[in-house]
Amino acid sequence: MTLLGELWEELVEVLLTLVSAIPYVIGYVALILLTALIWRLVKRVLTPKKDYVSLKTVTFGDESAVVSNNVASVVSIVFLFVLWGAFTGSKLLPGFLHAPGPFIGDASFTYTVTAADGATDDATVAVRVYPNGADVEDITIEPGEGFAKNDAINIVAYRSSLFRVDENDELGREDEAFITAVDGQALESGGSVAMDFGRVSMTPRGTLNIYPSTGWQMEPIWLPPPEAVWSRLVEIADTGFRNSTLWEHLGFSLFRVIVGFALGAAVGIPLGYAMGLSNWFRGWFDPIVEFMRPVPPLALIPLVIIWAGIGEVGKIILLFLAALWIMAIAARSGVSGVRISKVHAAYSLGASKWQIMRFVIIPNSLPEIFTGARVAMGVCWGTVVAAELVAAEKGAGMMIMTASKFQNTDIVLMGIILIGVIGFSIDMLMRQAEKWLVPWKGKG
Amino acid sequence: MTGLQISDLSMRFDLPNGSSIQALKDVNISLNEGELLSVLGPSGCGKTTLLNIVAGFLAPTDGQIELNGHRVEGPAAERGMVFQQGALFEWMSVRENVGFGPRMKGMKPDEKRKIVDHLLDVVGLQEFKEKAVYELSGGMQQRVALARCLANEPDVILMDEPLGALDALTREKMQGLVLKLWKETGKTIILITHSVEEALLLGERLIVMAPRPGRIHKEYRLPFADLGVGQDLREVKKHPQFAETREEILSMIWNMEEEIMGRTEGTDA
């Protein structure tokens, strides 16, 4: 029952998070619909096209009438970057598009101390909020009159600061003199007072906690602006990261994928052919392949590390295993998918078994093998990055993992973007190769 | 002895559930060289099984087939086959498809090219020879299939509903082509079809098969194939004997279908 209870609590938490995201999702969808509406108006102004699709009256439900709108794609990407820039205060964006940033600059507030005998005195606290890493000068202040003395404090943007303003006062806690108000508003332990620049609260022990406003922007440590990621890319491409250049990191990942995939294909394709052509081989390998196929390659990482260590061999074994089953299954279904009439036709045209293999079965299975290769390359790329996250000296995954340990979020983002770009390029290349090498795909 | 002898052919195979099916029973056909035999019959009468046995793709449980005096024991180039559709190699061009048989024999390239060019002229596809087969229409694809089969110079051509997937107009044109090729090459042809008209137009001889077990029901010798050579096939269809035979065969097949329906309903009840 405790397990069920725990799971229920988890579920509630997840659902509450989702619910809190609903307004944002609604806003995003509203924006999409709005841009769609604008585009429709713009199109009406432009000369209307009269191609075949635009003359269709039924488009809702007609799959062939729905094509990806390039304008929408561009707007979507641009919007993503604008959003990113707006919430990071990017210099690429004009200032009016920025979300409100954190408070930076000087501000002050007064606090009132009430002594044990009921006497009160005010003093001023000067607050200077400065960006992280910037040079800052202290504010010079006069102590002022009365038993409460004026104070000054420097606070880094996005941070808050506990400040014992009564430390320099003539009467302190030990004299039963307590802060009772801030800026004229009564303040008790646990309460807080809103200010122009943020808010001031009081801890249970009577210390003031100053929270300068953090605004709506993200701190660079959570999300750096786009130009910071770009300049990181330029910097790392130039000077490298952790004793290796960027190209070495990416090159090592690619090298592992290509070698692992090539080995997996070199073993998997003949294995698949054997399974597609012989009862005995099919019976022999079916249980093994069907069992190994649903095991995610990532689950094999611990075993591979135990057996082969964290060097290149272990990673290539892992990628070999990731590609092997996919390629074997693709080749098997490629062989099984040959129309019997083609094989019969070839036999009655005098072809030998070997000629049937070479001229009918292999070309007929190539489209399936290419589909399998695309899937396998995708899985291998994902697996190599994950394996490098666990342990590696070089590689894209190692780069982002190490960077995350030092909170170099810009490097992490850069790495993720590069990994995405490379994965996408691999898929594009495979598709292009497919077009060139098996133009008969889907034409049988 | 020349020609094709099918003697006492029977085919019976077991089903996974323990029962068995008698697909063919005591089929005897003797075909002289150069004859064109049409085979008709309701679905399930074993036409295709018969053709697959002649082609060598299936081994009969009883009886045997002899071609030019030797026993048929597997597929071979002497028995060419034309399928309904989808048997062309879409990874090869039209020219490569037609030249497949000669290439398998290891024929020299220029010899092969001569044969291929000639056949592409015969079927009227000379200008499409570099095209991929999937770029051609259904009728053109069947022309390629015919040419591919002829390029191998088989003694017997087995046709399994070669025109079944074509539209009516293309089908008529292709019937004329088949007739022309048959007369010009003098090949022995077995043609399986669902169309009674096609069987009558093309078959010098015609066999109507009956189902359960698959057997020969009735045999005809027909004059229409000879009449049709070099003539509009629509004129042949106006022949009074044509209509008469067609009606006779149609009602014969109709009765067989009725009987099957009745029998299954009877067992169900």
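# Helices, sheets and domains in chains A and B

User: Against which elements of chain A do the buried residues of α11(A) pack?

Analyst: This is a predicted model, in which local features need pLDDT of at least 70 and side-chain atom pairs count only at pLDDT 80 or more, while totals for chains, interfaces and linings use all residues. Residues are numbered from 1 along each chain as its sequence is written, and chains are lettered from A and ligands numbered from 1 in the order in which they are written. A residue is buried if 20 or more other C-beta atoms lie within 10 Å of its own, exposed if 12 or fewer, and partly exposed in between, with C-beta atoms placed from the backbone; in α11(A) the buried set comprises A:T409, A:D410, A:I411, A:V412, A:L413, A:M414, A:G415 and A:I419. Helices (H or I, at least four residues) and strands (E, at least two) are DSSP runs numbered from the N terminus, and the elements against which the buried residues of α11(A) pack are α3 (226–239), α9 (353–390) and α10 (396–405) of chain A.

User: What distance separates the centres of domain 3 and domain 4 of chain A?

Analyst: Domain bounds come from an automatic or database domain assignment, which divides chain A into domain 1 (1–40), domain 2 (72–100), domain 3 (105–212) and domain 4 (228–437). Taken over C-alpha atoms, the centres of domain 3 and domain 4 of chain A are separated by 62 Å.

User: In which order do the 5 strands of the open sheet in chain A lie?

Analyst: Two strands pair if DSSP finds at least two bridges between them, and β1 (residues 105–114) and β2 (residues 120–130) of chain A do so in the antiparallel sense over 10 bridges, with A:A123 in β2(A) as the bridge partner of A:Y111. The pairing in the open sheet is mixed, and its order is β3-β2-β1-β5-β6. Pairing on one side only marks the edge strands of chain A, so the order runs between β3 (151–156) and β6 (185–186).

User: Which element gives the largest share of the side of chain A that touches chain B?

Analyst: Two residues are in contact if their C-beta atoms, placed from the backbone, lie within 7 Å, and the contact takes 16 residues from chain A and 21 residues from chain B. On the side of chain A, α8 (340–348) and α9 each supply at least two residues. The largest share, 6 residues, comes from α8(A).

User: How many residues of strand β3 of chain B are buried?

Analyst: From β3(B), B:L36, B:S38 and B:L40 point one way and B:L37 and B:V39 the other way. The strand runs parallel to β8 (residues 188–192) of chain B, joined by 4 bridges, and it also pairs in the parallel sense with β9 (residues 205–210) of chain B over 4 bridges. B:L37 stands opposite B:I190 in β8(B), and its bridge partner in β9(B) is B:R205. Strand β3 (residues 36–40) of chain B is therefore largely enclosed by the rest of the structure, its count of buried residues being 5 of the 5.

User: What is omega at the cis peptide bond that joins B:R212 and B:P213?

Analyst: B:R212 is in the loop between β9 and β10 of chain B, and its phi is near 50°, a positive value in a residue other than glycine. B:R212 counts as partly exposed because it has 17 C-beta neighbours inside 10 Å. B:P213 is found in the loop between β9 and β10 (215–221) of chain B, and for the cis peptide bond that joins B:R212 to B:P213, omega is about -10°.
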